[in-house]
Each structure stands twice: as C-alpha cells, then as structure tokens.
Amino acid sequence: MPESPVLSLENLKTYFFTRSGTAKAVDGVCLDLRKGETLGIVGESGSGKSVTCLSILRLVPPPGRIVDGKILLEGRNLLELSKRELRQVRGKQIGMVFQDPMTSLNPFLSIGDQVAETLLVHEQLSRRQALRRAAEVLEKVGISDAANRLADYPHRFSGGMRQRVMIAMALIGNPKILIADEPTTALDVTIQAQVLELFRQIKADFGASIILITHNLGIVAGMADHVAVMYAGRVVEYAPTEEMFSRPRHPYTLALLATLPRPGEGGNDLQPIPGTPPDLTRLPPGCAFYDRCPFHEQHCLEEAPPLLPVGKDHWASCWVDFTAGR
Amino acid sequence: MIKFILRRIALSLPVIFLIATTTFFILRLAPGGPFLSERAIPPEIQANLQAKYGLDQPLWIQYGRYLRSLLRLDLGPSYRYPERTVNEIIVEGFPVSFELGLAALLVALLIGVPAGVVAAVKHRGFLDRLTMSVVLAGISVPTFVLGPLFIFFFSLTLYWFPPALWGSPEQLVLPAITLGTPYSVYIARLTRTEMLEVLQQDYIRTARAKGVGEFRLLWRHALNGALLPVVSFLGPAVADLVTGSIVIEKIFAIPGLGRYFVESAFSRDYTTVMGTVLFYAVLLIAANLVVDVLYKFLDPRIEYR
C-alpha cells in the first residue's frame with residue numbers, strides 16, 4: 001500500500017452552464033498527488049486542466065460550478081468547507097501560481113504588499129514583519145536586492161521577474177501543495193528555463209508537492225514524477241513520467257508524443273493530430289477521442305472507456321490495446 | 001510633478017484666451033443689448049449709458065479694452081447691477097455655490113460609490129436590481145421635480161428640514177441632496193460597471209487564491225482600479241457642482257452664483273456673462289488638473305514628466 005496522497009480528486013465534475021448548453025469542462029477527473037512529488041498535467045487548450053486546478057481552490061468563475069466529486073486534502077473534502085475554512089486553505093495549505101504574470105499581479109499595489117499579504121491574512125504578524133519575510137522569500141526566488149524593491153509596483157518588473165514574484169507569493173505561506181498553471185507559457189524561452197530551475201529548487205528546499213499544468217511535453221519530461229494526460233475534461237492516461245514517454249497506452253498520448261521533434265530525426269516528420277477537440281457542450285456517449293483516433297473500433301462509439309490499470313502504476317482509458325500487435 | 005503642473009497651467013492660458021474671445025464675439029452677435037428693454041428709454045439716456053460703458057466705441061477697441069482689464073483680473077462692471085462689479089458678484093455668490101456644491105458632491109460620492117459597489121458584488125441579485133432601478137429613476141427624474149418633492153416630504157410633511165433659504169447647516173441638507181442625486185446615480189452606475197470589470201481581472205483571482213477575504217478583496221484590491229474612471233468623471237462634475245445650479249437656487253431660494261449665469265445671459269449683461277463663463281472655464285481647467293494629479297496617486301503606473 002503506497003503512502004496516502006496529499007491531495008486526491010475523486011470523480012470531479014465542473015460544468016459551465018452557458019447559454020449554448022452545458023460545457024463539461026471537467027467531467028469525472030480522478031487524480032492523486034503524492035507527497036513531495038511533481039505531477040504534470042498535460043493536454044491541449046480546453047482539455048480541462050486549468051479548470052481542474054481552479055476547482056481545487058474553488059476558484060471556478062461563474063457560470064462554472066463544481067457539480068460533483070470530492071477534493072480531498074489530507075482526507076478533508078475541500079468542497080464541504082465553509083468560506084472561512086476555505087480561505088484558510090487558500091494560500092496557506094495550497095499556493096497557486098497563475099499563467100500570466102502580467103495580469104495576475106495587482107497593478108495598484110506594491111510588490112512587497114502583495115507578497116506579504118498572504119502572510120498577513122493567515123498569520124498574526126505586523127506589516128513590518130510580513131514585509132521582512134516577503135523580502136527573504138523574494139530573495140530566494142531570485143529577486144536581487146529584494147528589500148529595496150518591496151515598494152516598487154509590478155509595472156517596474158519584467159515578465160520573468162513578475163512570475164518570480166507570483167511564485168514568492170504562493171510560497172511565502174509555506175504551502176504543502178503548489179499548483180502552477182502554465183507558469184512559463186507567457187515567458188521567453190530563456191526565462192522559462194530559469195523559472196523551471198526555480199521550481200526544481202523549490203521542491204528541494206520547501207518540500208512542497210507540485211501540480212504543474214502545461215501543454216509543453218518537454219517541460220513535463222524534465223520536471224514531473226507522474227504525468228496525467230487530459231482530453232475533453234477527462235484524464236485519459238496516468239503514469240510515471242518515464243513510463244508515459246516510453247510506453248504510452250492511450251492513442252491521444254501516442255499522438256501527442258508524435259508531435260514532438262526527436263533528436264537526430266530532424267523536424268520534418270512531426271505529426272500533427274488530425275481533427276479538433278470535441279465540443280464540450282455536445283460530448284458523444286462514447287470515447288471523446290473517437291473521431292481523431294486511428295485505432296477506433298465500433299465499441300468505442302457506444303461506451304466511453306473508463307480509466308483502467310494497464311500496468312504498474314499506469315492507467316489509461318482506452319478499449320483498444322494498440323501495443324498488443326507489436 | 002511641479003514641472004507637469006506648471007506646464008499644464010501654461011497650456012491652459014491660450015485656452016482661457018480663446019474662451020474669452022469666443023464669448024466676447026458670440027455675445028455681440030446675439031441680437032439686443034444690455035440697455036434695450038420693453039420700456040422705452042429716451043435716446044439721450046441710451047446714448048449716455050452706451051458711452052459710459054464704452055459700448056459706442058468700435059468693436060475691436062471694446063475687445064482690446066476687455067482683454068486689458070482681464071490681464072488685471074478685472075472682469076468689469078455689471079450692466080444690470082450698476083453698483084456692483086462682476087468680481088464682486090462672483091466673490092459674493094461663489095462661496096454659497098461652492099459650499100452647496102461640495103455638500104452635493106459629498107452626497108453623490110457617499111451614496112454613489114457604495115451603491116455601485118454593492119450592485120456589482122451582488123451582480124444580477126436582488127440588491128443589484130434594486131440599486132439599478134433607483135438609479136434609473138434618479139436619472140429620469142429631473143431636479144426641478146425632485147426638489148419640490150423633497151420639500152413636500154421632508155419639510156412640509158415631516159418637518160425635518162427647513163424648505164428654503166440659506167445660512168444654517170439644516171438648510172444645506174435638502175438642496176445638497178437634490179443637487180447631488182443625479183450625480184450619485186451616475187456615479188453608482190459608473191462604479192458598478194467598473195467594479196464588474198475589475199472583479200473579472202486575473203489579479204482578483206490571485207488575491208482570492210491567497211485566501212484574502214471578501215471585504216479586503218473589495219477594499220484593497222478592487223476599489224482602487226474601479227474608482228479611476230469615477231475620479232475622471234469628478235473633474236467636470238466638481239466644476240459643474242460648485243458653480244451653482246439655477247434650478248436648485250430658485251427652488252430653495254439660495255443666493256448662489258447659478259442664477260447670474262442665466263439672468264445675465266437674458267439681460268445681455270455682457271460683462272457678467274463673460275465673467276461667469278470665464279470663471280467656470282478656469283474652475284473646469286483647475287478641477288481637471290487636480291484630477292490628473294490625483295490619478296498619479298491612484299495609479300502608480302502613471303508618471304508625469
């Protein structure tokens with residue numbers, strides 16, 4: 001029996017009730033985050049990875065609503081907490097880093113105040129003490145001379161620096177879990193590398209478990225211990241990173257991997273995935289990947305495949321075992 | 001900062017000159033004159049009066065004289081009230097209008113901003129609909145209806161406040177509310193719209209993710225951004241409010257500046273019209289300058305050079 005997970009999602013469903021129908025953005029997601037590990041969630045835009053993470057802190061904007069499931073943080077269901085209890089989880093137990101550092105910082109408040117605020121709302125501290133801690137954490141995430149930059153406003157910081165500020169803001173409360181929603185997507189490639197290096201260091205220094213959302217498989221390969229692949233609001237495959245890259249068991253994962261350039265083979269035979277993701281308001285009764293899947297069978301059309309164990313610690317939701325004949 | 005203010009003041013001088021010139025010539029284009037009335041005045045007296053005020057001179061000489069006296073900040077004598085100068089009229093009426101205007105502004109802000117915030121927070125809820133209905137009513141009902149209604153209820157029925165006249169703080173209440181109401185509803189609507197916009201921003205979500213409570217969220221994270229457009233609306237609004245409203249001053253019998261605006265125009269009291277218009281222009285320019293300076297403190301991204 002492996003150690004019980006810090007965070008586990010059970011059958012999480014988050015739907016958006018729009019005028020044109022109910023969009024099932026997250027439709028029965030089950031995931032475990034183990035202590036001290038990094039879980040990568042990959043998938044294309046609209047696959048539900050961001051909404052999954054927003055759901056964890058119950059930050060889903062209307063008309064979205066969590067309609068079913070459980071979010072267990074060390075056994076406690078976050079969906080049953082009062083607003084007050086929830087606020088004590090936000091920032092304190094779970095820190096969150098958002099995708100776009102240009103818009104995710106308040107332009108009207110100084111960096112110091114924004115970073116220190118996480119402490120101020122959770123701990124009995126004076127503003128001065130909180131600011132001192134903020135300077136320390138900012139220093140740690142690589143902002144030099146942080147003490148003298150506390151009074152600066154976000155517009156004085158570059159994108160990479162702002163993302164560091166965001167990370168400091170998420171870390172200062174010493175959370176057990178850090179959720180990073182595409183933390184490097186809005187950054188230059190060189191800055192991306194620096195920020196990712198920072199995440200590695202954080203894992204070592206703070207001992208936090210990390211959920212890393214990205215659509216960049218390269219980042220996942222370098223950072224994650226486990227990977228969950230999402231498609232149309234569901235987890236279609238879950239495996240240890242190495243296993244996922246060497247023995248994918250879901251056609252979508254296989255297709256994703258084929259979009260990656262391989263060293264030595266040149267970039268000429270990159271395979272795009274044909275077709276488009278399904279309309280989340282009109283999901284078919286069967287497998288959502290059916291239209292784009294080269295291996296589909298009649299049965300796939302009739303019944304959606306559940307997430308089933310296909311190997312040690314390896315789960316996939318596909319009726320067809322395309323590896324069988326090889 | 002000082003440099004910015006000085007430059008703005010320098011830039012407003014040509015504006016003021018243009019306004020003075022335009023007012024001067026537009027008035028002269030209007031038919032009639034200050035000493036024409038239904039009651040026939042003997043031609044000699046007529047000519048005497050014209051000569052006394054230099055109205056018999058060619059227009060460009062009159063214009064030159066007017067500009068010269070403007071340089072000395074002298075707005076000239078009033079034609080309608082021969083014993084007073086325009087400067088005196090403004091000095092006498094403005095403090096009254098100013099006090100009333102500031103009180104109305106306070107009413108507008110104290111009602112408008114909280115109402116707008118509440119409506120935004122309870123977006124599409126009962127309180128939002130209620131506030132917006134009141135706003136609609138407030139915009140639709142003109143002050144000359146609102147004033148008498150207030151007098152009827154709060155004065156003649158409930159005896160809470162005196163119905164008219166000027167001097168005591170109680171006498172300030174009804175006119176201030178009447179004058180402030182249209183502004184308060186406008187501010188409420190503006191605040192609501194901006195607040196809804198700000199509450200959608202990513203940084204509000206960031207604050208929520210930190211565990212910030214709803215009150216702190218509104219007060220510290222959202223209000224500042226939402227109030228920027230309100231502040232820019234306040235520039236012209238303040239200038240409007242403090243120069244007095246003839247409607248309010250008539251209804252409540254208040255000796256403010258507002259009535260001079262209208263009366264002087266009807267009686268072709270050239271100097272008084274030009275004086276009050278210029279005074280209003282200067283106030284407007286000053287109020288907008290104050291707003292721009294205030295902006296700097298509200299929005300750290302703005303830097304003046």
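How many helices and strands are there in chain B? Chain B has 12 helices and 0 strands, where helices (H or I, at least four residues) and strands (E, at least two) are DSSP runs numbered from the N terminus. This is a predicted model, in which local features need pLDDT of at least 70 and side-chain atom pairs count only at pLDDT 80 or more, while totals for chains, interfaces and linings use all residues. Residues are numbered from 1 along each chain as its sequence is written, and chains are lettered from A and ligands numbered from 1 in the order in which they are written.

**Chain B overall**

Read along the sequence, the pattern of chain B is α-α-α-α-α-α-α-α-α-α-α-α. The C-alpha trace of chain B spans about 85 × 55 × 30 Å along its principal axes. Of the 305 residues in chain B, 34% are buried. A residue is buried if 20 or more other C-beta atoms lie within 10 Å of its own, exposed if 12 or fewer, and partly exposed in between, with C-beta atoms placed from the backbone. Among contacts in chain B with a separation of 6 or more, 72% join residues 24 or more positions apart; two residues are in contact if their C-beta atoms, placed from the backbone, lie within 7 Å.

**Helix α9 of chain B**

Helix α9(B) has 29 residues, yet its end C-alpha atoms are only 36 Å apart, whereas a straight helix would reach 42 Å at 1.5 Å a residue. The expected span is 1.5 Å times one less than the number of residues. A kink of about 55° in α9(B) is centred on A222(B); the bend at a residue is the angle between axes fitted to the seven residues ending there and the seven starting there. P229(B) also belongs to helix α9 of chain B. P229(B) is partly exposed, with 15 other C-beta atoms within 10 Å. Leaving aside neighbours within four places in sequence, P229(B) is in contact with L190(B) and E194(B). The C-alpha atoms of P229(B) and L298(B) are 11 Å apart, although 69 residues separate them along the chain. After α9(B) comes G244(B), with a positive phi near 90°.

**Contact between the chains**

The contact between the chains takes 23 residues from chain A and 18 residues from chain B. On the chain B side, α8 (202–209) and α9 (214–242) each supply at least two residues. The largest share of that side, 7 residues, comes from α8(B). By class, the chain B side has 5 nonpolar, 7 polar and 6 charged residues. Here Ala, Val, Leu, Ile, Met, Phe, Trp, Tyr, Cys and Pro count as nonpolar, Asp, Glu, Lys and Arg as charged, and the others, Gly among them, as polar.

**Domains of chain A**

Chain A is divided into domain 1 (7–93 + 175–311) and domain 2 (94–174), with bounds from an automatic or database domain assignment. The C-alpha centres of the two domains lie 27 Å apart. Their contact takes 24 residues from domain 1 and 23 residues from domain 2. On the domain 1 side, β7 (177–181) and α7 (189–206) of chain A are the elements that give two or more residues. Helix α7(A) gives the most to that side, with 6 residues. The residues of the domain 1 side divide into 16 nonpolar, 4 polar and 4 charged.

**Nonpolar cores**

A nonpolar core is a set of buried Ala, Val, Leu, Ile, Met, Phe, Trp, Tyr and Cys residues joined through C-beta atoms within 7 Å. The largest has 138 residues, of which V115(A), L138(A), A168(A), I211(A) and V229(A) touch the most other members. Helix α7 (residues 169–199) of chain B gives the most to this core, with 11 residues. Both domain 1 and domain 2 of chain A give residues to this core, so it lies between them. Another core, apart from this one, has 9 residues, including L75(B), I89(B), L257(B) and F261(B).

**Backbone geometry in chain A**

Most residues other than glycine have a negative phi, and most peptide bonds are trans.

The peptide bond from P62(A) to P63(A) is cis, with omega near 10°. P63(A) lies in the loop between α1 (49–56) and β4 (64–73) of chain A.
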